[in-house]
Amino acid sequence: MDISVSFSKTRPPPFSPSLCRQLSLRPNAPQLLRFSRNNGTFRRKPPPTISRPNKLAVTAIQISNLSENEDDFVLEDVPHLTDFLPNLPSYPNPLQKSQGYSIVKKTFVSPEDVVAENVVIQKGSPRGVHFRRTGPREKVYFKPEEVRACIVTCGGLCPGINTVIREIVCGLNNMYNVEDILGIEGGYKGFYSKNTMMLTPKVVNHIHKCGGTFLRTSRGGHDTHKIVDNIEDRGINQVYIIGGDGTHKGAALIYEEVKKRGLQVAVAGIPKTIDNDIAVIDKSFGFDTAVEEAQRAINAAHVEVESVENGVGIVKLMGRYSGFIAMYATLASRDVDCCLIPESPFYLEGRGGLFEFIEQRLKENGHLVIVVAEGAGQEYIAAEVHAADKKDASGNKLLLDIGPWLSDKIKDHFSMSRKMAVNMKYIDPTYMIRAIPSNASDNIYCTLLAHGAVHGAMAGYTGFTVGPVNSKHAYIPIARVTEKQNKVKLTDRMWARLLASTNQPSFVASDQERVEKEIMNI
Ligand SMILES: Nc1ncnc2c1ncn2[C@@H]1O[C@H](COP(=O)(O)OP(=O)(O)O)[C@@H](O)[C@H]1O
Ligand SMILES: O=P(O)(O)OC[C@H]1O[C@](O)(COP(=O)(O)O)[C@@H](O)[C@@H]1O
Ligand SMILES: [Mg+2]
């Protein structure tokens, strides 16, 4: 492979000493160069004959693509209170005296410990992005008796919110002897329009056994100035914010305002969403519980349709822009014949369409089950219904209801074509799967998130969120989880596994064929 690259004359080559030797370069001297790479061997080439302006700028990605392992390590760090309060005093972490932690072999996480964003890499490829590992630090930037923490929950429900609340309270209290913890009621607007409640380990002792949020929640109502005024007025110095992408956008604004005002306030996010659409982290808490609960609806649909002639079961599951719940529930069940998600466009009529597939399955098996994510097929409904774009209080688009629309379409098609009368069983368990308490493994996951957030805030980190990255919990800059949403990648193996398990049409390919045909007809 022949690669041409040039980079800033003001920077030394970003290569390891061994690679510099191989290329006959002086490791510390800035220079413009070209070289070729063949099976991992680098050979220097004569200087380029191209014009300067375009060639002098080279992105970090280009450089790191060409370098050996040592020099392309990137740490995406989170802010620290000392970034804007440089004289902040620190104190020994009280955990060193804790019964439990003091016997841990390595009580404190080393500042050098990082978590890699990508663990599957090729030999010679860049080491890539890393995040700080969560956990207690040797020094803390708060005296326990001076901490006044608050917790707020925003956005939609999700199994496990109460466990996170409980474990923030118990973590602060048991590990750091913090006693002053406020619950902000009813989401962001609760900062300025609702009461607060005192949270103690005793108050939150049983809440993890219940679904919902003990602190209640809301959409909309984020007013940065009013919120930070309130934080200042109440003397709050640690803010724990549990919520999804919208909530984290709000948390980033709070952090910025706190920094602008020079307040010693740590802002920590804990990512929450039933849709599992938060970027970077492995998965969001409550997701496993939701997938498990979805099985009950799928089982019910299967039992119903198996017991009648030409039974068609439809189960609608949550998933506004991403079909993770539908995909995992389908994969887990094995009773699902077809899974429709927002990321994969489908069509009803014609060759390779959904109607043809349903007819075929009914002929083969006498019944079928379809799982549909609520965000699927929105464009088709919109084209027919001509509904005005509506939004919720947070600005999220309100979806058109795919469930009844799809049920009616299928019923109408089969009754009109007089091919067969289908026996439709439509189940909508959407709120049921997110209103339940979290299962055992989600409870443990919630505990790790809560404790990670507590350790981070006590250590003076701020403007961060927490979550598992390749199974290791990390502190992640908030911008990384708000800049894009996690979606099912149709080119990933997981979707291929689903297609292999259901044997449903991969509408993407068929759709392309259809478009090509249409173009050719024209
Ligand atoms: N772009 C934004 N800037 C500031 N606050 C936001 C933003 N988007 C949403 N929020 C606030 O975050 C909270 C929850 O947002 P929402 O989208 O409903 O849920 P989620 O956080 O689960 O995505 C709401 O109080 C909303 O006002
Ligand atoms: O009816 P609500 O409470 O607004 O919630 C519905 C939406 O909430 C969700 O569960 C997502 O919630 P978040 O925005 O909090 O992640 C979607 O799946 C669903 O469309
Ligand atoms: Mg959201």
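Predicted model: local features only at pLDDT ≥ 70, side-chain atom pairs only at ≥ 80, totals over all residues.
**Domains**

Domain bounds, as I use them here, come from an automatic or database domain assignment. Residues are numbered from 1 along each chain as its sequence is written, chains are lettered from A and ligands numbered from 1 in the order in which they are written, and side-chain values use heavy atoms, with hydrogens and water left out.

I found 18 residues of domain 1 in contact (heavy atoms within 4.5 Å) with 19 residues of domain 2.

**The annotated domain**

I consulted UniProt, whose positions are given in the numbering used here, with feature names shortened and annotations that may be inferred rather than shown by experiment. Its unreviewed entry places "domain: Phosphofructokinase" at residues 149-455. Over this stretch I read 43% helix and 15% strand, with the end C-alpha atoms 13 Å apart. Helices (H or I, at least four residues) and strands (E, at least two) are DSSP runs, numbered from the N terminus.

**The sheet**

I traced an open sheet of four strands in the order E15-E16-E14-E17, with parallel pairing. Two strands pair if DSSP finds at least two bridges between them. Strand E15 (338-340) and strand E17 (423-427) stand at the edges with a single partner strand each, so one side of each has no neighbour in the sheet. Neighbouring strands are turned by 15° against each other on average, direction ignored. Axes are lines fitted to C-alpha atoms, for helices over the stretch in contact, and angles run from 0 to 180 degrees between N-to-C directions.

I then followed one pair: strand E14 (residues 311-317) and strand E16 (residues 367-373) are joined in the parallel sense over seven bridges. Gly313 has Val369 of E16 as its bridge partner. Helix H12 (residues 402-416) packs on the sheet and touches E14, E15, E16 and E17, and its direction makes about 175° with that of E17.

**The cores**

I searched for nonpolar cores, each a set of buried Ala, Val, Leu, Ile, Met, Phe, Trp, Tyr and Cys residues joined through side-chain atoms within 4.5 Å. Buried means under 20% relative accessible area, exposed over 50%, and partly exposed in between (1.4 Å probe, protein chains only). The largest core has 109 residues, and Ile151, Ile168, Tyr240, Ile270 and Phe285 have the most contacts inside it. Helix H4 (residues 161-176) gives the largest share, nine residues. Both domain 1 and domain 2 give residues to this core, so it lies between them. A second, separate core of 26 residues includes Ile314, Ile402, Leu406 and Met424.

**Annotated binding sites**

I checked the "binding site" annotation of the unreviewed UniProt entry, which covers Ile274 and Glu374, among others. Ile274 is found in the loop between strand E13 (266-271) and helix H8 (287-306). With a relative accessible area of 4%, Ile274 is buried. Leaving aside neighbours within four places in sequence, Ile274 contacts residues including Met318, Ile433 and Arg434.

Glu374 lies in the loop between E16 and helix H11 (378-385). Glu374 is buried too, at 18%.

I also noted that UniProt's unreviewed entry gives a "binding site" at Asp245, a residue in helix H7 (residues 245-260).
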